[in-house]
Amino acid sequence: MIAPIAGFSKLSKNEKIEWLANTYFHDSEAVIAMLTRYWNSDEKLQKLHDEFIENTITNFYLPLGIAPNFLINDSMYAIPMTIEESSVVAAASKAAKFWLDRGGFKATVLSTEKVGQVHFMYFGDSEKLQAYFKSIKAELFAATTHITHNMEKRGGGITAIELRDKTNELDGYYQLHCTFETVDSMGANFINSCLEQFAKTFEAGAATFEAFSSTEKDIQIVMSILSNYVPNCIVKAEVSCPIEDLTENESVDATEFAEKFVRAIQIAKTEPYRAVTHNKGIMNGIDAVVLATGNDFRAIEAGIHAYAAKDGRYTSLTHAAVENGIFKFWIEIPLSLGTVGGLTSLHPLVKLALEMLGKPNAKELMQIVAVAGLAQNFAAVRSLVTTGIQKGHMKMHLINILNQLEATEAEKAHFVNYFKDKTVTHSAVVTAFTTYKSQHA
């Protein structure tokens, strides 16, 4: 059994790697060589990356790709996407090109409200608590002026504080439900700092509120934390065109395609098993741009999936309809994004990605990210109701399979051509590759 290690965080990076390689691997020299091979040769840049997180041992590379030709609100964009999955960037690019000649994408930010909560327990008269909240509400705002000063200068700040009674769901449970505007920052640190100050002020004030009994004065703060569920921080992205403009070749009937596309969206609205995969495809586009621009894709995922289930049933995030001969496809999603602070001002490639997008503010980035999700979904659903999802996806996956087989560049070129008119599966590629190697041994 491997013994635990004390003081690991205090070791140097080289010492951490040496301990790891010697403790968990048979070929420690190969492991050390692999980890150090991914270090950046620029020591200053490597140190920057080392300090993003704790116990860093190396860099983990993901591809940064570009999906060009996105026309959004009459402006052209090349969208950066960081993702490891084959066909995602290609699908987004194809959707962008398709809609380029059909008016492009339209996007609108509907609201930008963010949420944080102070969760506390109170086992007393609820009317007294309401009275106490009214008496101290102004002081809650006042106590955070040292935190909110700079944010308010940029047009943000605290927008509301409410007392919410949740005792029907958990005995003694109340919360201060607070809303914020954080302008171009994600605002996590700002929101959490405000919440913690609210909690201190609220708890201290209760101790001197005369209407409370000695028991009621003992308000128990459980935690103060922002919420990644932002149902009032919403962006809408949409495309539309006459039905007859929907197809690119005569082999597909436009009216039939529109009907099948709308029906596919209806199925995703109705069937949770389909909705999960449907929405995962949307997130392929969204996460890739969120990651490339230094935002928190895990928070975005959690908030969007909660939104997909807001009515008590998990359902499609996208919508489609045909009205008066016009095909319409749109998405409305919650997105809490930032373009200042965090990695946006530290990571060189994040800064490059944002510059590529024209240095957008938070609202503009919300629109771009929503469009990426809509484009991804359009490409996926179009494939599903026409050629099937595997044809395009497996063509893109072919190179990955050939790399696993350690094919040479000449062999890759041969098999890309070989599978142009054939179905790509892992077993088919392996069989063809093995046969080819035996014939050219």
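This is a predicted model: local features need pLDDT of at least 70, side-chain atom pairs count only at pLDDT 80 or more; totals for chains, interfaces and linings use all residues.
- The biggest contributor is α11, with 3 residues.
- Strand β1 also pairs with β2 (residues 75-82), running antiparallel to it through 7 bridges.
- One of the residue pairs there is Leu71 with Met76, the latter sitting in β2.
- The two strands make a hairpin with 2 residues between them, and Asn73 in the turn shows a positive phi of about 50 degrees.

- Strand β6 (residues 173-181) has 9 of its 9 residues buried, so the rest of the structure largely encloses it.
- Both faces of β6 are covered: Tyr173, Gln175, His177, Thr179 and Glu181 point one way, Tyr174, Leu176, Cys178 and Phe180 point the other way, and all are buried.
- On the pairing side, β4 (residues 114-121) meets β6 in the antiparallel sense over 8 bridges, with Val118 standing opposite Leu176 of β6.
- Strand β5 (residues 157-165) pairs with β6 too, again antiparallel and over 8 bridges.
- In that pairing, Arg164 has Gln175 of β6 as its bridge partner.

- Gly116 is part of strand β4 and is buried, at 0% relative accessible area.
- How far apart are Gly116 and Leu176 in sequence and in space? They are 60 residues apart along the chain and 8.3 Å apart from C-alpha to C-alpha.
- Leaving out residues up to four places away in sequence, Gly116 touches Leu176, His177, Cys178 and Phe180, along with Ile191, Leu195, Ile225, Leu226 and Ser227.
- Asn192 belongs to helix α7 (residues 188-206).
- At 18% relative accessibility, Asn192 counts as buried, because the cut-off for buried is under 20%.
- With residues up to four places away in sequence set aside, Asn192 touches Ser224, Ile225 and Leu226.

**Nonpolar cores**

- Nonpolar side chains tend to be buried together in soluble globular proteins.
- The largest nonpolar core here has 68 residues, and Phe70, Ile286 and Leu335 have the most contacts inside it.
- Helix α12 (residues 362-385) provides the largest share of this core, 13 residues.
- Beyond its neighbours within four places in sequence, Ile286 is in contact with Ile300, Ile304, Ile333, Leu335, Val369 and Gly373.
- A second, separate core has 28 residues, among them Phe120, Ile158, Phe180 and Phe209.

**Positive phi in loops**

- Asn55 isn't a glycine, yet it has a positive phi of about 55 degrees.
- You'll find Asn55 in the loop between α3 (43-50) and β1, where it is partly exposed at 36% relative accessible area.
- Glu406, likewise no glycine, has a positive phi of about 60 degrees.
- The loop holding Glu406 runs between α13 (389-404) and α14 (409-418), and Glu406 itself is exposed, with a relative accessible area of 69%.

**Salt bridges**

- Side chains of opposite charge can pair when their charged atoms come close.
- How many salt bridges does the structure hold? The count is 13.
- One of them links Glu51 to Lys47, with the closest N and O atoms 2.4 Å apart, and Glu51 is exposed at 55% relative accessible area.
- Arg298 and Asp296 form another, at 3.1 Å from N to O.
- In that pair, Arg298 counts as exposed at 52% relative accessibility, while Asp296 is partly exposed at 28%.
- Lys310 and Asp311 also meet through their side chains, at 3.9 Å from N to O; that counts as a salt bridge because the cut-off is within 4 Å.
- Lys310 is partly exposed, with a relative accessible area of 45%, and Asp311 is exposed at 68%.

Terms used. Residues are numbered from 1 along each chain as its sequence is written. Side-chain values use heavy atoms; hydrogens and water are left out. Helices (H or I, at least four residues) and strands (E, at least two) are DSSP runs, numbered from the N terminus. Buried means under 20% relative accessible area, exposed over 50%, partly exposed in between (1.4 Å probe, protein chains only). Contact means heavy atoms within 4.5 Å. Two strands pair if DSSP finds at least two bridges between them. A nonpolar core is a set of buried Ala, Val, Leu, Ile, Met, Phe, Trp, Tyr and Cys residues joined through side-chain atoms within 4.5 Å.
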